[in-house]
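Biologist: Could you walk me through this one, a question at a time? I have the sequence and the model open.

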Amino acid sequence: MRRGPLARVLGAHPIGTAFVTPYVVFLAAVFAYPLGFAVYMSFHDYFFAAPGAVVDRPFVGFANYVTVLSDPAVRRAFGNVLVFLVINVPLTVVLSLGLANALNAAIRWRTFFRVSYYVPYVTAAVAVVGVWLFLFNSNGLVNSVLGPLAPDPSWLVNSGLAMPTVAIYVTWKQLGFFILLYLAALQNVSKDLYEAASMDGAGRWKSFLNVTVPGVRPATTLVVLLATVTGANLFTEPYLLTGGGGPDGASASPVLIMYQRGIEQGNPDVGAAIGVLLVIGVLLLALIERKFVGKEDS
Amino acid sequence: MKRKFVALLIGAFVFLFPFYYMLIGSLQREPDPSVGGAFPQPGNLTGHNYAEINKAIDLGRSLINSGIFTGGVILGTLVFGVLAGYALARLQFRGRGLVFNLMLLIQVVPFQLLTIPLYVLIVRSYGLADSYLGMILPFLINSTAVFVFRQYFLQLPAELFDAARIDGASELSILWRVAVPLVRPALLTGVLLTFIGPWNEFLWPFLITKQQDLQPLAVSLSNYLTTVSARAANPFGAVLAGACVLAAPAVALFVIFQRRFISSNLSSGVKG
């Protein structure tokens with residue numbers, strides 16, 4: 001087909017621009033602009049004012065960041081997320097790969113298993129939090145099964161156990177999604193490699209370690225990254241499961257603190273600074289994780 | 001093989017038990033946290049908790065709100081997302097690469113950073129607090145669904161489109177009469193993917209709705225959980241009854257359409 005000069009400038013189907021315009025406007029309005037606005041707010045003395053009111057919002061440099069970093073509650077929340085990630089990420093990788101591997105074998109009741117692992121993921125966090133509260137209550141079912149072994153103070157009100165309990169809850173809730181990712185990745189591992197491994201006399205465990213694990217490495221990179229992002233997004237669980245991050249801030253997450261400082265206490269500039277720090281933290285973690293987990297990609 | 005089966009069975013028990021317990025707990029007259037309480041006793045069963053939670057938060061109203069919120073997001077994603085997905089897959093125009101890269105970039109921008117600025121913009125600047133529009137706006141077009149639509153449109157043979165263009169059909173009618181009917185299964189996948197997000201979303205509607213009669217069920221249930229439940233006679237029973245109502249639509253949709261969630265559309269993302 002011959003292309004006129006117009007087609008060279010606009011492309012063969014300029015109508016495409018019209019088709020993507022709503023989407024681009026959406027991305028600009030809901031992602032790009034707020035992103036810039038968040039950074040702007042974090043460097044200014046920004047406060048809530050009536051719509052249309054003209055108020056002075058002076059540039060304050062790093063003052064909001066100083067406020068944030070010298071706040072022990074914020075530092076504690078960032079530390080809590082690290083505790084969360086140290087428990088949640090390895091547990092997620094090991095359990096989801098193990099279960100996906102077991103599911104991948106031709107096994108009876110496959111559909112049943114797939115559905116049961118995925119159900120917590122599709123259910124609203126608010127709904128399942130209700131059951132977990134009931135289960136992990138001081139006189140809940142878990143403790144009545146454990147009897148004298150039950151921790152005192154109980155799981156969610158114990159400052160050493162609250163965050164680990166939240167981390168285990170989230171692992172359970174999200175696992176189905178990660179199992180699905182691994183199931184998809186397992187389809188791409190070559191069958192020949194397994195045959196070669198068994199020719200070399202490798203047992204099931206050996207061929208899992210030497211064929212499966214390296215074979216799904218790109219998926220592992222993705223799982224680690226997504227689990228980290230989930231941890232950084234943590235809000236509903238500490239808000240509801242541990243009554244707003246209790247006991248005494250032991251399970252508070254950065255997003256929870258961001259909500260309290262930014263909206264409840266009316267300091268959106270401080271909240272925005274927490275958000276910016278959180279994202280920088282996630283990016284740094286993602287880079288470090290990539291170095292360790294995704295080393296064979298590059 | 002047997003070991004794997006047993007491991008999967010134990011796993012399935014751990015994953016399903018809380019749901020079973022949710023249902024049992026919602027039907028118990030008296031909460032019974034002992035081991036025996038995990039088994040239904042005919043004398044202790046009642047529908048009273050459902051009436052109780054319905055009295056406290058008006059389930060019907062909350063479900064309608066959840067439905068409008070979710071429906072708005074699905075509609076926006078279907079209309080604008082299909083247009084964008086089609087253009088990105090089948091049309092040559094200036095800036096296509098840019099839009100595509102933007103779409104991928106967006107996937108890694110964490111929503112939590114945007115919570116505060118979006119709250120300021122939507123609530124304070126645009127005055128959209130306590131409105132369906134304010135609830136829907138940040139989720140209006142689901143980027144993951146746009147990506148899935150694009151992948152499916154890409155799989156259709158190019159000759160089909162060339163032939164239609166030679167016949168002089170406009171792009172809009174090609175999209176509507178040729179492309180969409182061929183990717184109907186993808187549209188269903190897109191709807192299911194999109195459904196889970198707003199139906200289960202908590203933080204955003206929680207931030208922007210203070211008026212009780214506009215709150216989706218997840219928000220009103222959490223408010224009940226944090227404030228009212230201390231005063232109720234059997235708070236856990238009522239909470240669990242609400243939880244069942246909130247969980248049921250998503251779980252039912254998933255169980256019915258579970259084949260649609262499986263690997264094929266996800267594997268393209270993993271291969272990357």
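Biologist: Which residues of chain A does the UniProt annotation "transmembrane region" cover?
Modeller: The model is predicted, so to speak of local features we need pLDDT of at least 70, and side-chain atom pairs count only at pLDDT 80 or more, while totals for chains, interfaces and linings use all residues. Residues are numbered from 1 along each chain as its sequence is written, chains are lettered from A and ligands numbered from 1 in the order written, and side-chain values use heavy atoms, without hydrogens and water. The annotation comes from an unreviewed UniProt entry, and such annotations may be inferred rather than shown by experiment. In chain A, the record covers residues 20-43, 81-103, 115-135, 155-186, 207-229 and 270-288.

Biologist: How far apart are the end C-alpha atoms of residues 20-43 of chain A?
Modeller: Helices here are DSSP runs of H or I with at least four residues, and strands are E runs of at least two. Residues 20-43 of chain A are 96% helix and 0% strand. The end C-alpha atoms of that span are separated by 33 Å.

Biologist: How many residues apart in sequence are the parts tied together by A:Asp71 and A:Arg261?
Modeller: These two side chains form a salt bridge at 2.9 Å, N to O, the term being used for a Lys or Arg side-chain nitrogen within 4 Å of an Asp or Glu carboxyl oxygen. A:Asp71 sits in the loop between α3 (63-69) and α4 of chain A, and A:Arg261 in helix α13 of chain A, so the pair ties together parts whose separation in sequence is 190 residues.

Biologist: Is A:Arg261 buried or exposed?
Modeller: Under 20% relative accessible area is buried, over 50% exposed, and in between partly exposed (1.4 Å probe, protein chains only). A:Asp71, at 17%, is buried. A:Arg261 has a relative accessible area of 15%, so it counts as buried.

Biologist: Which residue forms a salt bridge with B:Glu171?
Modeller: The structure holds 2 salt bridges over all chains. The closest N and O atoms are 2.6 Å apart, and the partner is B:Arg165.

Biologist: What is the phi of A:Asp248 near?
Modeller: Most residues other than glycine have a negative phi. A:Asp248 lies in the loop between α12 (236-241) and α13 (254-264) of chain A, and is exposed at 71% relative accessibility. Its phi is positive, near 55°.
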